Amino acid sequence: MARTPALGRIPQRGQASRDRRPRVAALGGGHGLAATLGALRHVTTALTAVVTVADDGGSSGRLRQELGVLPPGDLRMALSALCDESEWGHTWRDVLQHRFSSTGPLHGHAVGNLLISTVWELLGDQVAGLDLIGQLLGAHGRVLPMAAVPLDIEADVLHRQGETEHRSLVRGQSRVAVTAGRVERVRVLPADPPACPEAVEAIHDADWVILGPGSWYTSVMPHLLVPEISRALHTTTARIGLTLNLSAQAGETSGFSAADHIRSLADFAPDLRLDVVIADPTAVEDIDDLSACASALGADLLLRQVSEGDGTPRHDTLRLAAAYRDTFERFLGDVGERSR
């Protein structure tokens, strides 16, 4: 039987009442989602992160295999990105992010991964456990898993050597992310996993849903492969924005243009309608091509410098926040009114 924490349902610091706008659900995983959350927290106080749960490598993979828990790493990173901007919040963020370095079995484990797994075991409730860690951090927002069970990612990969082609089946997020071939299709296993009910509710309750940036086939696309999450994205009255990556990812999307990312999204979810695509002009090879792909999904193209500007493919927090603010304000009078 699940144990209830003594504090009861954890109140979320920074969560707005229902009459505060905009309410935003940010979907993704890893460093990409952390960048999104770092920017969005400057724009809204009503923020929910919906996080992929397919990691099978490193500390998360070891805990997943040994304890049968959801991989906690991406959830830990999202919580850390939402920590309170105080000495208390920063200290606990650093505790969560700290990794042991040793010659023993703790080597490489992140303290936050162990702490999250501990709380889950004590409470018997994934969402309550994440809420409790969020309270410890003074988190400005809420972090939820995309699915209620750990997922595996399986990909059909095309390999080319000169004029020779062959295909292989690659299984596991850590392997798909570094595959040397071109990913043609991805699947999640189990094929019809139970979604986290609170995550589905957050998508329906949002004024805006933000997809990306992040590892395309292992952090962004998986949300479209969980049936209940996909249905929520197709039926929510929220507006949907897509934040494009600043570069192709070696292995997973090698050779992809900015427009190719949108074409692959359309292949997976041809009926999904977007409202805005945010792209950095320095990462766009053909603006006309990108604009046409965005328009085909119903979206406006918003070109803004959102990179740090030092030549590395990293998003600048304040520039990305300004792009989100411009996006939300453009549709301010229509928020929550769009029918799909």
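Arg 187 is partly exposed in this predicted model, with a relative accessible area of 29%. Its salt-bridge partner is Glu 154, and the closest N and O atoms of the two are 3.1 Å apart. Glu 154 sits in strand 4 (residues 152-161) and Arg 187 in strand 6 (residues 182-189), so this contact ties together parts that are 33 residues apart in sequence. What about Glu 154, buried or exposed? With 13% relative accessibility, Glu 154 counts as buried, because the cut-off for buried is under 20%.

**Other salt bridges**

Side chains of opposite charge can pair when their charged atoms come close. The count here comes to 18 salt bridges. Three of these pairs are set out below.

| Pair | N to O distance |
|---|---|
| Glu 154 and Arg 187 | 3.1 Å |
| Arg 160 and Glu 165 | 2.9 Å |
| Arg 239 and Asp 275 | 2.7 Å |

Take Arg 160 and Glu 165 next. Arg 160 counts as exposed, at 54% relative accessibility, while Glu 165 is partly exposed, with a relative accessible area of 43%.

Now for Arg 239 and Asp 275, whose side chains meet in a salt bridge at 2.7 Å, N to O. This pair links distant parts of the chain: Arg 239 belongs to strand 8, and Asp 275 to the loop between helix 11 and strand 9 (276-279), 36 residues apart. Arg 239 is buried, with a relative accessible area of 9%, and Asp 275 counts as buried too, at 3% relative accessibility.

There is also a network of salt bridges, and it links Arg 23, Asp 205 and Asp 207.

**Aromatic rings**

On to the rings. A pair of aromatic rings is described by the distance of the centres and the angle of the planes. The tally for this model is 5 aromatic pairs. One of them joins Tyr 217 and Phe 256 edge-to-face, at 6.2 Å centre to centre and with 80 degrees between the planes.

Phe 268 is buried, like Tyr 217. Phe 268 has a charged neighbour as well: Arg 185 lies over the face of its ring, 4.3 Å from the ring centre.

Elsewhere, Trp 208, Tyr 324 and Phe 328 form one aromatic cluster.

**The largest pocket**

Rolling a probe the size of a water molecule over the atoms shows where empty space is left. The largest pocket has a volume of about 1,000 Å³. It is lined by 46 residues, and the ones nearest its centre are Gly 29, Gly 30, His 31, Gly 32 and Met 77.

Which helix gives the most to this lining? Helix 1 does, with 7 residues. At least two lining residues each come from helix 1 (30-40), helix 2 (58-67), helix 3 (73-81), helix 4 (87-97) and helix 9 (216-220). Sorted by class, the lining of the largest pocket has 24 polar, 12 nonpolar and 10 charged residues.

Methods. Residues are numbered from 1 along each chain as its sequence is written. This is a predicted model: local features need pLDDT of at least 70, side-chain atom pairs count only at pLDDT 80 or more; totals for chains, interfaces and linings use all residues. Side-chain values use heavy atoms; hydrogens and water are left out. On a 1 Å grid over the protein atoms alone, a cavity is a set of points where a 1.4 Å probe fits but cannot get out, and a pocket is an open set with protein on both sides within 12 Å along at least five of seven lines; lining residues have an atom within 4 Å of a point. Grid points are joined across faces, edges and corners, and a volume is the space filled by probe spheres set on the points. Helices (H or I, at least four residues) and strands (E, at least two) are DSSP runs, numbered from the N terminus. Ala, Val, Leu, Ile, Met, Phe, Trp, Tyr, Cys and Pro count as nonpolar, Asp, Glu, Lys and Arg as charged, and the others, Gly among them, as polar. Rings of Phe, Tyr and Trp (its six-membered ring) pair if their centres lie within 6.5 Å; planes under 30 degrees apart count as stacked, over 60 as edge-to-face and the rest as tilted. Buried means under 20% relative accessible area, exposed over 50%, partly exposed in between (1.4 Å probe, protein chains only). A charge sits over a ring if NZ of Lys or CZ of Arg is within 6 Å of the ring centre and within 35 degrees of the ring normal. A salt bridge is a side-chain nitrogen of Lys or Arg within 4 Å of a carboxyl oxygen of Asp or Glu.
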